[in-house]
Amino acid sequence: MPRVSEMKGAAFDGKRMGYVPPKTLKVSKKLRLHTKRARHIDPITYEVVRHSLWHVNEEHGATIQRLSGSPVAMYALDLNPSILAEDGEFVYFGPYMQYMSGVTDTQVKWILEYRSDNPGIRDGDMFLANDPWVGAAHQQDVMLICPVFWKGELFCWVTNCLHQYDIGGITPSSFCGSADNAFEEGILIPPVKIVENNEIRRDIEELYLRASRKPESVALDFRAQLAGNFTARDRILALIRRYGADVVKGVMKQIMDNAERAFLAKLRRLSDGVWRERAYVECCRPGDRRTHRVCLTLTKRGNRLIFDNDGTAPQDGAMNATYSGWRGSIMVALNQLLCWDQYFCIGGALRHVEFDPTPGTFNCANFPASVSTAPVQAMEISLYPAYNVLSKMIYGDPEMRRDIMCIGGTSQWPATIFRGTDQWGERYGYLLVDPIGGAIGAFSNGDGINTGGQSRTPICKLPNIEHTEQTFPLLFLYRKEVVDSGGAGKWRGGMSAESCFVPHGTEHITHDTLSSGNATPTSPGMMGGYPGSVNAYKFRRGTDVKTRLERREMVSDIAELKGREEVLQLRQENFMQEPDDVYAVLWSAAGGYGDPFERDPERVREDVVENRAVSRDAAREIYGVVIGEHGALDLETTRQLRAEQRARRRRKGAAAEVLAGRVAARASENLELRREAGGLRYACAKCAADLGALRDNYKDRCVVEEREIAAANPNIGDWRRYVDDRPVFRQFYCPGCGALIENEVARADDSVLRDIELNLR
């Protein structure tokens with residue numbers, strides 16, 4: 001199977017994995033590009049224009065949010081605006097759903113290469129596009145791309161992307177979980193000119209709306225996107241009139257150049273090496289009970305970072321993403337961990353980043369794979385492992401170490417797609433937005449954030465229950481954070497939550513489930529940290545909920561209700577929820593950081609007694625902390641219990657030699673490199689026990705314990721409900737002191753992962 005790097009000059013041909021921008025764009029001679037820039041800009045002017053451009057992006061997104069009638073824009077913030085230079089290089093993308101903008105530059109470069117001659121790119125034009133093989137997360141994410149001209153030259157681009165309510169396909173809402181291919185999904189539109197001379201082309205708009213079940217809603221969203229582009233274009237032209245085109249262009253280029261310098265300065269502080277992460281997607285189509293492996297490898301070589309997905313499972317079912325989706329996902333983590341100080345300008349960093357996936361894998365799928373569910377499966381599982389490999393890479397620098405962030409919550413979205421007749425007698429179809437509440441992963445120096453949102457959408461917010469009830473025929477019984485959901489560790493991952501509802505104002509609701517990560521955690525911890533909770537669907541039929549409500553008794557948990565429990569599968573379609581049926585959805589929480597035995601016992605007591613984040617049983621079993629009946633910390637018993645557990649770990653392995661050489665580098669929270677006579681060797685950071693030569697996998701010298709996956713988090717149930725491939729929780733202990741060096745969530749038949757491979761001298 002060829003790799004992208006082997007496909008020289010590869011471009012979109014409608015059949016392969018998608019559009020790979022060539023190094024040199026072929027632009028029609030009919031199109032004049034504005035490339036002149038001011039080289040010397042005084043600092044005050046630079047800062048004023050720089051911040052103005054950022055605010056253009058913010059106003060752009062806010063305009064769409066205010067004008068759209070869709071809860072997608074209002075509550076989920078499933079949109080993002082961008083500004084790009086004349087050649088499609090990123091200046092800024094916004095603080096909304098970031099992986100949307102992560103695929104924008106491929107769209108713009110495609111338009112430059114394939115539309116600049118015919119039909120041409122002119123002032124007053126805008127292009128509509130949603131083709132994932134050109135550059136979109138999935139078909140529902142529709143882009144409106146606007147060239148900005150100044151005196152007959154293409155000066156820059158303003159673009160936006162908004163998830164549309166419904167654009168066709170076999171399932172209302174266009175999340176087609178049982179589609180075998182793209183022909184069964186929503187309409188595919190390569191970039192087409194939908195606005196010409198500042199007027200909407202009615203023929204193209206009617207073509208676009210024809211496949212939708214809710215054309216009025218989609219048409220309104222399109223006009224919100226149109227207004228956003230008009231607003232951004234007008235603001236940029238105002239800047240040009242005030243400061244001059246050369247100055248504004250000079251600021252744009254300087255933003256990217258400064259970002260590049262900052263990125264290179266960080267890379268110079270880091271060692272070369274290879275870092276790997278592995279995760280799994282469950283259930284690619286209805287009836288599937290397999291797990292599908294995803295691999296991510298990050299190689300640092302001098303001033304370049306190279307990402308590849310070698311070892312990822314082949315494309316299959318409806319879980320896939322395209323090259324653009326995979327690349328856009330990784331760009332989110334890259335932006336947040338290495339470019340956060342550059343105000344969302346990733347263009348400079350991208351000059352030194354290579355994306356080298358293997359076509360035909362499920363996160364770099366060839367046409368015509370089904371990709372409509374990509375963001376909730378293939379793209380999420382591509383994004384979140386990037387946090388771990390990048391975090392392990394930057395650990396070696398003490399200052400950058402503070403930027404480490406573990407994998408967050410909703411690392412696989414537990415979608416419940418509902419449809420039917422609403423409280424006004426109108427047809428509807430949508431999905432529960434609540435999992436956007438997510439959770440933020442633990443940091444290297446502090447706990448994560450409970451229901452702190454999804455890190456890929458920095459300004460996202462959990463929708464008010466009342467807004468959802470106002471829009472759809474639902475009545476919420478409760479929404480609450482879930483005890484023990486956050487991954488355990490020296491620093492605890494953020495907790496996730498659970499939403500529970502019944503139909504209201506309608507006879508029934510028809511549902512589809514669309515999920516992964518229900519048996520195998522997809523928010524693993526880091527450097528000894530434990531995984532966050534899995535996703536969970538809970539469904540009870542024929543309950544006594546009406547009687548409870550008539551007695552004015554609040555329901556605090558679905559388990560309190562009488563009724564028949566039903567196990568929902570991960571892609572179960574067309575099941576009915578009647579008014580007496582109760583449905584709860586729990587979304588995955590965030591990973592922890594470091595060995596839980598290193599957490600301050602007083603913090604664990606606070607988690608149990610005051611924060612209600614950890615149960616007493618988990619405090620004892622996972623943290624080794626004993627809390628008395630009245631909430632008092634039993635410190636002496638805690639010390640004894642932790643010592644006994646570490647001794648138990650040591651007894652499972654052979655005696656370890658202690659290294660005496662000086663410390664040459666730190667590879668992780670629990671792993672260091674010592675310089676010995678025979679060369680560099682890995683050692684336990686706590687006791688200096690020998691963990692092998694630099695050329696070897698340090699895990700081979702650890703004491704390995706392979707545990708049931710339920711040991712990783714108290715909220716993990718029986719994996720056999722969903723998959724046939726047994727997941728396991730592997731723990732790697734120091735043979736000298738019994739410290740926890742690292743954990744792995746793995747399929748039982750997968751070999752031990754070599755996650756760190758440093759290239760030091």
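**View 1. Helix H10 meets helix H12 in this predicted model.** On the H10 side, the residues in contact include Trp 326, Ile 330, Leu 334 and Leu 338. Across from them, H12 brings in Met 379, Leu 383, Tyr 387 and Leu 390, among others. Sort the residues of this contact by type and you get 14 nonpolar, five polar and no charged. H10 covers residues 323–338 and H12 covers residues 378–394; their axes come within 8 Å and cross at roughly 35°. The crossing is right-handed.

**View 2. Phe 307 and its neighbours.** Look around Phe 307 and you'll find Trp 326, Ile 330 and Leu 334 touching it, along with Leu 390. Other contacts of Phe 307 include Leu 296, Val 353, Phe 355 and Pro 357.

**View 3. The largest nonpolar core.** This core has 175 residues, and Phe 307 is one of those with the most contacts inside it, as are Leu 53, Ile 236, Leu 338 and Tyr 682. H12 gives the most to this core, with 11 residues. There's also a second, separate core of 28 residues, with Ala 618, Ala 619, Tyr 623 and Ala 712 among them.

View 4. Is Asp 125 buried or exposed? Asp 125 counts as buried, because its relative accessibility is 1% and the cut-off for buried is under 20%. The side chain of Asp 125 makes a polar contact of 2.9 Å with that of Lys 193. A polar atom of the Asp 125 side chain also lies 2.7 Å from the backbone nitrogen of Arg 122. Further along the sequence, Asp 125 touches residues including Ile 145, Cys 146, Pro 147 and Val 195.

Notes
Residues are numbered from 1 along each chain as its sequence is written. This is a predicted model: local features need pLDDT of at least 70, side-chain atom pairs count only at pLDDT 80 or more; totals for chains, interfaces and linings use all residues. Side-chain values use heavy atoms; hydrogens and water are left out. Axes are lines fitted to C-alpha atoms, for helices over the stretch in contact, and angles run from 0 to 180 degrees between N-to-C directions. Helices (H or I, at least four residues) and strands (E, at least two) are DSSP runs, numbered from the N terminus. A crossing is left-handed if the near helix is turned anticlockwise from the far one by less than a right angle, and right-handed if clockwise. Contact means heavy atoms within 4.5 Å. Ala, Val, Leu, Ile, Met, Phe, Trp, Tyr, Cys and Pro count as nonpolar, Asp, Glu, Lys and Arg as charged, and the others, Gly among them, as polar. Buried means under 20% relative accessible area, exposed over 50%, partly exposed in between (1.4 Å probe, protein chains only). A polar contact is a pair of N or O atoms within 3.5 Å; within protein, one must be able to donate a hydrogen and the other to accept it, and residues adjacent in sequence count only if both atoms are side-chain atoms. A nonpolar core is a set of buried Ala, Val, Leu, Ile, Met, Phe, Trp, Tyr and Cys residues joined through side-chain atoms within 4.5 Å. Lists of a residue's contacts leave out its neighbours within four places in sequence.
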